[in-house]
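Student: Can we go through the charged pairs and the greasy surface on this one? Keep it quick, please.

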Amino acid sequence: MNKGGPVGGGGLGVGGSGPTAAAAAAAAQKQKTLLQRVEGDIANIVDNFSHLVNVARVNDPPVRNSQESFMMEMRAARMVQAADSLLKLVSELKQTAIFSGFASLNDHVEQRRVEFSELGEKTDRLLSRIGEEAAASLKELETHYSSSAQKNLQNLKP
């Protein structure tokens, strides 16, 4: 029976740098380990089943029947062990799917938080620039208004 290491996620590509590349490499290794476990356990079940069928023939000598009976029990026990290993593997895969779902969700939330922070900073800069332009335009309008008001006063005086 093949007992692999820790269980990991699905097929992630290896590339990039930093923690993401390391996580992708670890996930690829875990996937390879899982596939080896599945193949080993299934081969074990098939092999033991074929031996169980071969031994199941009924023979006349009682000693031979007791030996075959023992072989059948041993093969059946090995099949049960391999099936149990597959069930544990399925359980590990379910746990991995749940936890990787949470990790993926946390990554997505963090990514969106960063995006919104950048968008907020960009909006603050834009509002600051608009405020400066509005202040400059207002100052220009005040200057124009005051100069035109002075011209109007001078034109009204004889």
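**Salt bridges and a surface patch**

Tutor: Start in helix H2: Glu133 and Arg129 are four residues apart there, so about one helical turn separates them. Bear in mind that this is a predicted model.

Student: What do the side chains of Glu133 and Arg129 do?

Tutor: They meet in a salt bridge, at 3.3 Å from N to O.

Student: Why would such side chains pair at all?

Tutor: Opposite charges can pair when the charged atoms come close.

Student: How many salt bridges does the count come to?

Tutor: Five salt bridges. One of them joins Glu92 and Arg37.

Student: How far apart are the closest N and O atoms of Glu92 and Arg37?

Tutor: They are 3.0 Å apart. This pair links distant parts of the chain. Glu92 lies in helix H2 (residues 62-156), while Arg37 lies in helix H1 (residues 18-55). The two are 55 residues apart.

Student: And Arg37, buried or exposed?

Tutor: Arg37 counts as buried, because its relative accessibility is 3% and the cut-off for buried is under 20%. Glu92 has 24% relative accessibility, so Glu92 counts as partly exposed.

Student: How many residues apart are Glu110 and Arg113 in helix H2?

Tutor: Three, so about one helical turn separates them.

Student: What is the relative accessible area of Glu110?

Tutor: It is 40%, so Glu110 is partly exposed. Arg113 is partly exposed too, with a relative accessible area of 46%.

Student: New topic. Which residues make the nonpolar surface patch?

Tutor: Ile98, Phe99, Phe102, Leu105 and Val109. The patch covers about 530 Å².

Student: Where is Val109 found?

Tutor: Val109 is in helix H2.

Student: Why does Val109 count as partly exposed?

Tutor: Because its relative accessibility is 49%, and exposed means over 50%.

Student: Remind me, which helix does Arg37 sit in?

Tutor: Helix H1, with its partner Glu92 in helix H2.

How values were computed:
Residues numbered from 1 in each chain as written. Predicted model: local features only at pLDDT ≥ 70, side-chain atom pairs only at ≥ 80, totals over all residues. Heavy atoms only, no water. Salt bridge = Lys/Arg side-chain N within 4 Å of Asp/Glu carboxyl O. Buried < 20%, exposed > 50% of the residue type's maximum accessible area, 1.4 Å probe, protein only. Patch = residues over 30% accessible without salt bridge, like charges linked within 9 Å, V, L, I, M, F, W, Y side chains within 5 Å. Areas by Shrake-Rupley, 256 points an atom, 1.4 Å probe, with all protein chains shown as cover.
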